[in-house]
Amino acid sequence: MEKITFRQAIAEDALFISEGFHMAMLISNPPKERIALFAEKICSRNDVLYSAQNTILAEKDGKPVGMITSYDGKNYSAFRKTTMALVKEHLGIEFPGMEDEAAEGEYYLDSLAVLPECRGLKVGTRLLKEAISRGHALGLPVTLVVDPANPKARKLYESLGFSFLRKIFIFGHHYDKMILRA
């Protein structure tokens, strides 16, 4: 197995967090200016969902190759409000009718991404396990959402012990919310 290390992201990792978020959202070839703007105006802050304080990086040879953004749901409402206001202000994007992805009393795995050249090295699985351990250390069940059209991801989550909780409408689509009890 390749030597992969993990560390807490820092503010200087905002650009990689932004790139990872776009990968996780399956946004192919976003303009570099958009990634940079998202990094500067959103990921560089501490009062948003997609911040360094909420992100674990996987590194190979000292360079980021993957990331997972996860957090205690108790801060979700305030962070979501700030995040979505900034997304609207700086990117002109809104998501009407979106349900809350996370809630108090759960640890939410928000965004997972691995660089294409490092897929197949179990980096994603190891990032998931790192984040799950943080949630369980808080004594919280761990939740995430999966696109029903992505059976490969669902199979991975089920192999880690996640099970279906309910349907949820976010970012203009229906997803399956899954849970791993503490």
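**Aromatic residues and the nonpolar core**

Pro 96 is exposed, at 69% relative accessible area (exposed is over 50%, buried under 20%, partly exposed in between; 1.4 Å probe, protein chains only). Pro 96 sits in the loop between helix 3 (76-91) and strand 4 (107-114) (DSSP runs, numbered from the N terminus: helices are H or I with at least four residues, strands E with at least two). Its C-alpha atom is 8.2 Å from that of Phe 171, 75 residues apart along the chain.

The model is predicted: local features need pLDDT of at least 70, side-chain atom pairs count only at pLDDT 80 or more, and totals for chains, interfaces and linings use all residues. Residues are numbered from 1 along each chain as its sequence is written, and side-chain values use heavy atoms, without hydrogens and water.

Rings of Phe, Tyr and Trp (its six-membered ring) pair if their centres lie within 6.5 Å; planes under 30 degrees apart are stacked, over 60 edge-to-face, the rest tilted. Phe 95 and Phe 171 pair edge-to-face, at 4.8 Å between centres and 85 degrees between planes. Phe 95 lies in the loop between helix 3 and strand 4, and Phe 171 in the loop between strand 6 (163-170) and strand 7 (173-180). Phe 95 is partly exposed at 29%, whereas Phe 171 is buried at 11%. The rings of Tyr 157 and Phe 162 are also edge-to-face, with centres 6.2 Å apart and planes at 65 degrees. Both residues, Tyr 157 and Phe 162, are buried.

The largest nonpolar core has 55 residues (buried Ala, Val, Leu, Ile, Met, Phe, Trp, Tyr and Cys joined through side-chain atoms within 4.5 Å). Leu 109, Tyr 157 and Phe 162 have the most contacts inside it.
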